Amino acid sequence: MKKIQVKLGRRSYPILIKSGLLSPAGKLIRQRLLGVRDICIITDKDVARLYLSQVTRSCRRAGFSVRRIILPVGETQKSLTTAKNIYQKLLKFRFDRSAVLVALGGGVIGDLTGFVAATYLRGVNFIQIPTTLLAQVDAGIGGKVGVNLSQGKNLVGAFYQPRVVLIDPRVLRSLPRRQMKNGWAEIIKYAVIKDGHLFKILERNKDIWSILEKVIVRAVVIKSRLVAKDERDESGVRMILNYGHTVGHALESLGQFKRHQHGEAVALGMTIAANLAVSLKLVGSDFLKRQTALLEKYGLPIRLPAGLRPGQIISKLKYDKKISRKKLHWVLPRGIGRVMVSDKVSLRVLRKVL
Ligand SMILES: NC(=O)c1ccc[n+]([C@@H]2O[C@H](COP(=O)([O-])OP(=O)(O)OC[C@H]3O[C@@H](n4cnc5c(N)ncnc54)[C@H](O)[C@@H]3O)[C@@H](O)[C@H]2O)c1
Ligand SMILES: [Zn+2]
């Protein structure tokens, strides 16, 4: 079993990674939370069908009194309405401040459960058991929790760390391919911004199942180190995690969050950022070739959809900049495993690249 410690002083906690970790989950949670009795597992319908009984059994065996809340599938559950329903159920269960919430699912379940845990009775302990590749390498790590409003995503939330994160790569066997791609896009992002060796592992690989655990560990190490340096995303250290996300977010929102999955949009964003870096002579064209080949290998798009005009993307970026009153910061590659942040990309160069 791999153990990665997220170093945050009193709030430090381990991330445990191993295939088959779901069956001893109860015991591992018990080791972190000795006196606890009440536990509530929060999950969605699809994940419940596959893994809820196994995790429930494991927790009961470890001496917990287990309640469960099963939500419908989908992003719309990340709402204040669902959060309120959960608070009311927890009150009905007579859960007090010693109770623990377990998030069993993808990023939607993790963000929502974390938010409820941060706010129910002013804060109760919570555990992350991420079950999508995206949640295992990204959403489940870092302590950003929250819900959406009709005006936009993640507008209400907190920084609230779990007590332990349990990652079982075996659960990914049941994850649809399209969902896997969201995780691959983030993993390729980590390789470009920080880990040339990871990039090579991904390039050479012939069978994803043989490298998956190793790759997840490397991704988790990178993210948890950046989080430890800048827990609340204030100093700019975490900014490099936005590689590919500036244009990625614009594309997601231009397509009303339907045209592209998050990973597809990020792949296109990374391709545009890499082209910008080549135009600005920050990196050679061999870099662009290797990144493009890698994105294609993991089933990600590298060409903007026909019919999308550069002007639309530029207006969207300008609009976002106006709303946030911030300068646009571009994360640009300098080589494999190395990036820089720049706020000096001219519109002329951007238009040419698009
Ligand atoms: N907190 C953060 O730092 C952070 C970072 C990135 C993304 N996010 C958030 O994460 C969310 C997206 O998360 P996601 O991509 O995991 O999507 P998701 O939680 O919607 O899960 C995707 C789908 O996969 C299913 N599923 C989950 N695990 C499965 C498994 N093992 N086998 C079969 N099906 C399974 C789910 O039922 C769901 O239908 C967004 O709301 C996003 O804002 C948060
Ligand atoms: Zn992302």
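Predicted model: local features only at pLDDT ≥ 70, side-chain atom pairs only at ≥ 80, totals over all residues.

Trainee: In what order do the strands of the open sheet stand, and what is the pairing?

Mentor: The general idea is that strands of a sheet pair through backbone hydrogen bonds, and that they do so either parallel or antiparallel. Here 7 strands form an open sheet in the order S1-S2-S9-S6-S5-S3-S4, with mixed pairing. Its edge strands are strand S1 (2-6) and strand S4 (65-71), each of which pairs on one side only. From one strand to the next, the twist averages 20 degrees.

Trainee: How many bridges join S1 to strand S2, and how many are there between S3 and S4?

Mentor: S1 and strand S2 (residues 13-17) run antiparallel and are joined by 5 bridges, and within this pair Lys 2 has Ile 17 in S2 as its bridge partner. S3 and S4, by contrast, pair in the parallel sense over 7 bridges, and there Ile 42 stands opposite Ile 69 in S4. S3 is also mostly covered, with 6 of its 7 residues buried.

Trainee: Is Ala 48 buried or exposed, and why?

Mentor: The way to decide is to count the other C-beta atoms within 10 Å, where a count of 20 or more means that the residue is buried. Ala 48, which is found in helix H2, is buried because 20 other C-beta atoms lie within 10 Å. Leaving aside its neighbours within four places in sequence, Ala 48 is in contact with Thr 43 and Ile 70. The C-alpha atoms of Ala 48 and Val 227, in turn, are separated by 30 Å, these residues being 179 apart along the chain.

Trainee: Where does Gly 35 lie, and does Gly 35 count as buried or exposed?

Mentor: Gly 35 lies in the loop between H1 and S3, and it counts as exposed because it has 5 C-beta neighbours inside 10 Å. Between the C-alpha atoms of Gly 35 and Ser 98, which are 63 residues apart along the chain, the separation is 8.6 Å.

Trainee: Which residues of helix H9 are buried?

Mentor: In helix H9 (residues 245-254), the buried residues are His 245, Val 247, Gly 248, Ala 250, Leu 251 and Glu 252. A helix is read with its turn in mind: an α-helix has 3.6 residues a turn, so residues three or four places apart point the same way.

Trainee: Which residues come nearest to ligand 1, and how does the shell divide into nonpolar, polar and charged residues?

Mentor: There are 29 residues around ligand 1, and of these Asp 46, Gly 106, Gly 107, Thr 132 and Ala 139 come nearest. The shell divides into 11 nonpolar, 10 polar and 8 charged residues. Among the elements that each supply at least two residues of this shell are helix H2 (45-61), helix H4 (107-119) and strand S8 (152-159).

Trainee: How many helices and strands are there in the protein, and how does the radius of gyration agree with that of a compact globule?

Mentor: The protein has 13 helices and 11 strands. A compact globule of 354 residues would have a radius of gyration near 20 Å, and the protein, with 20 Å, agrees. Buried residues make up 44% of the 354 residues.

Key
Residues numbered from 1 in each chain as written. Chains lettered and ligands numbered in written order. Helix = DSSP H or I, 4+ residues; strand = E, 2+ residues; numbered from the N terminus. Rg over C-alpha atoms; globule rule 2.2 N^0.38 Å. Buried ≥ 20, exposed ≤ 12 C-beta atoms within 10 Å, placed from the backbone. Near = placed C-beta within 6 Å. Nonpolar A, V, L, I, M, F, W, Y, C, P; charged D, E, K, R; others polar. Pairing = 2+ DSSP bridges. Axes fitted to C-alpha atoms, helices over the stretch in contact; angles between N-to-C directions. Contact = placed C-beta atoms within 7 Å.
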